[in-house]
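The following note sets out points for a first reading of this structure. Please keep the sequence and the three-dimensional view at hand while going through them.

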Amino acid sequence: MKIISYLLSSIYMLVFGLLLVIFHPIQWIFLKLGGHNGHQRSVNALQISLMYCHAILGTRYRLRNQYKLAKDKPVIIVSNHQSMNDVPPLIWMFRKHYPRFISKKELGKGIPSISFSLRQTGAALIDRKNQKQSIAEIIRFAKLIYNNNYAGIIFPEGTRSRTGIPKPFKTRGLEVLFKYIPNAQIIPVTINNSWKTTKYGKFPLGLGAKITIDAHPPILLSDYPKATYQELIAQLEKVITSHIVVA
């Protein structure tokens, strides 16, 4: 199986790289002609293309969200994190709410399509070694989400789980988002099996993973007084992690 993985991974990496290179100028053109809404359409097209690209590895996706979110209120999407392959399905799943990410600053430059998209969408590019910069960037990001009724996506584990076993949630980022987006709709999301695509590391890639993305009932932040934010975060962590299946 691993020998086959080397072959298929090589094909996948070639197609993946071509998609990033092709969509880089497409994003630029859509941004110039259609503004941020036009750019978002090109971003959505890139995400679904990247998901289809994973078919080369036998990856399957199941996205489940039966909940309707109001478009006149901002959204905070709280999810566990297992690999970079979590990103395309989350953007596609919540595309109607113009999702933006909190990401490490290293992704903000040098990567075709991805770096451009992060910068143009106002993603929070944080330096995990610099708490002051990180907090200031998340505050700016939170104000962007609040003022435009966008969706902000945060992975509270801080880094991806390479085995699927969830890491403890870090609360500081969520606390900042809660403070500056007091009218948010919070939707917890559980991701399963994404880690299997990188179980060997960056190369070769795992084959035949069935990635599931499950949204859980939304929560109105306004229903929780500030003094209970820690309890809310604990509740979110329990909901998300209790649906993780490690096998």
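1. Of the 247 residues of the protein, 49% count as buried, where buried means under 20% relative accessible area, exposed over 50% and partly exposed in between, with a 1.4 Å probe and protein chains only. The model is predicted: local features need pLDDT of at least 70, side-chain atom pairs count only at pLDDT 80 or more, and totals for chains, interfaces and linings use all residues. Residues are numbered from 1 along each chain as its sequence is written, and side-chain values use heavy atoms, with hydrogens and water left out.

2. The overall dimensions come next. A compact globule of 247 residues would have a radius of gyration near 18 Å, and the protein agrees, because its own value is 18 Å. This radius is taken over C-alpha atoms, and the globule rule is 2.2 Å times the number of residues to the power 0.38. Along the principal axes, the C-alpha trace spans about 55 × 45 × 40 Å.

3. The protein contains 6 helices and 8 strands. These are DSSP runs numbered from the N terminus: helices are H or I with at least four residues, and strands are E with at least two. From the N terminus on, the order of elements is α-β-β-α-β-α-β-α-β-α-β-β-β-α.

4. What lies inside? The largest nonpolar core has 28 residues, and Ile76, Val78, Ile102, Leu177, Phe178 and Ile186 have the most contacts inside it. Such a core is a set of buried Ala, Val, Leu, Ile, Met, Phe, Trp, Tyr and Cys residues joined through side-chain atoms within 4.5 Å. Helix 4 gives the most to this core, with 6 residues. Phe178 touches Ile76, Ile186, Leu221, Tyr229, Leu232, Ile233 and Leu236, leaving aside residues up to four places away in sequence; a contact means heavy atoms within 4.5 Å. A second, separate core of 20 residues includes Leu90, Ala151, Phe155 and Val189.

5. Which strands pair with strand 7? Strand 1 (residues 60-64) runs parallel to strand 7 and is joined to it by 5 bridges, while strand 6 (residues 185-192) pairs with strand 7 in the antiparallel sense over 4 bridges. Two strands pair if DSSP finds at least two bridges between them. The bridge partner of Tyr61 in strand 7 is Ile211, and that of Thr190 is Asp214.

6. Strand 7 (residues 210-215) is largely enclosed by the rest of the structure, because 5 of its 6 residues are buried.
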